[in-house]
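Please work through the exercises below with the sequence and the model open beside you. Each task is followed by a solution in steps.

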Amino acid sequence: MAPAGAKRGILERLNAGEVVIGDGGFVFALEKRGYVKAGPWTPEAAAEHPEAVRQLHREFLRAGANVMQTFTFYASDDKLENKYFEHVEEAEWAVQVLKSTGKPVAANMCIGPDGDMHGVSAGECAIRLVKAGADIVGVNCHFDPLTCVQAVKLMKEAVEKAGLKAHYMVQPLAYHTPDCNRQGFIDLPEFPFALEPRILTRWDMQQYAREAYDAGIRYIGGCCGFEPYHIRALAEELAPERGFLPTASEKHGPWGTGLEMHTKPWVRARARREYWEKIRPASGRPLCPSMSKPDSWGVTKGHSDLMQQKEATSQDQLRPLFDKCSATQ
């Protein structure tokens with residue numbers, strides 16, 4: 001046991017059965033705020049507008065997050081030739097290198113229940129990561145919360161069946177993605193500028209937090225699309241287990257109880273859990289389809305059409321892509 005007043009690390013907390021709340025999606029949040037360029041998604045804001053990055057960290061902290069991740073997504077000289085960790089072999093290499101630091105290693109895959117891009121199952125991915133030395137395994141990004149929870153359930157079952165031990169984490173999208181294929185939301189025609197109709201409500205987030213906790217996941221956070229109020233919803237749902245509410249809840253009554261002070265009686269009647277648990281939000285768009293047809297261009301297995309390049313994309317390169325995109329709409 002750590003001495004009184006000593007800081008406890010992530011493994012000490014998880015070993016003690018604590019719930020750790022993660023932060024949210026920095027690139028999407030900062031892009032909406034005008035500090036990140038969509039497409040490259042590089043973290044120049046950390047150098048150009050550090051105050052904006054600090055403020056978002058503060059907001060996630062105030063909302064209840066225990067862990068503040070550095071804003072380093074895609075922070076490499078060449079922005080990486082292809083986005084990592086959709087293939088378990090790459091993640092294994094990273095775990096092996098990180099294990100040499102002597103620090104706890106958490107390894108998340110960018111996968112859903114169907115496994116990685118080479119057909120390795122979610123369960124087998126987890127087993128391989130644990131054997132490589134990962135202390136915490138899970139998934140992040142690409143899919144909605146309940147899809148990601150299902151993937152981590154498969155990981156947990158496989159690890160336990162193999163006689164191995166690990167902690168589990170999940171950091172999903174804040175978007176509903178029931179129509180996504182194995183590649184996730186980047187294949188949706190709405191990606192990345194028309195995803196707002198898919199955003200989960202705070203009540204959806206409370207359901208996610210409870211399902212993740214009931215599945216045995218103790219590191220629960222978010223990725224693209226998560227805003228501080230989503231993190232606050234996770235913290236509020238799990239307040240009984242954590243023993244406290246976040247600071248941001250001072251201005252937010254549980255299950256909308258603050259509405260009891262509203263001037264309109266029909267709005268005051270919504271100040272109850274039963275109302276918000278059963279709400280089925282409308283899109284407000286009469287011709288909005290309930291599902292999309294993913295573009296299904298293929299998966300990032302190194303095909304020349306899918307590789308990124310350092311120089312600007314030429315019009316000759318863009319023209320056939322425009323034609324293909326039009327054909328899929």
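Two exercises follow, each with a worked solution.

This is a predicted model, in which local features need pLDDT of at least 70 and side-chain atom pairs count only at pLDDT 80 or more, while totals for chains, interfaces and linings use all residues. Residues are numbered from 1 along each chain as its sequence is written, and side-chain values use heavy atoms, with hydrogens and water left out.

**Exercise 1.** Locate the residues that carry the UniProt feature "binding site", and describe the setting of C141.

Step 1. The unreviewed UniProt entry places this feature at C141, C223 and C224; such annotations may be inferred rather than shown by experiment. Although these residues are spread over 84 residues of sequence, they cluster in space, with a largest C-alpha distance of 6.4 Å.

Step 2. C141 is found in the loop between β3 (136–140) and α7 (145–161), where helices (H or I, at least four residues) and strands (E, at least two) are DSSP runs numbered from the N terminus.

Step 3. C141 counts as buried because its relative accessibility is 3%, buried meaning under 20% relative accessible area with a 1.4 Å probe and protein chains only.

**Exercise 2.** Determine where H230 lies and which polar contacts its side chain makes.

Step 1. H230 lies in helix α9 (residues 228–237), and at 0% relative accessibility H230 is buried.

Step 2. The H230 side chain reaches the backbone oxygen of L200 at 3.0 Å and makes a polar contact with the side chain of Y229 at 3.1 Å. A polar contact is a pair of N or O atoms within 3.5 Å; within protein, one must be able to donate a hydrogen and the other to accept it, and residues adjacent in sequence count only if both atoms are side-chain atoms.

Technical notes. Buried means under 20% relative accessible area, exposed over 50%, partly exposed in between (1.4 Å probe, protein chains only).
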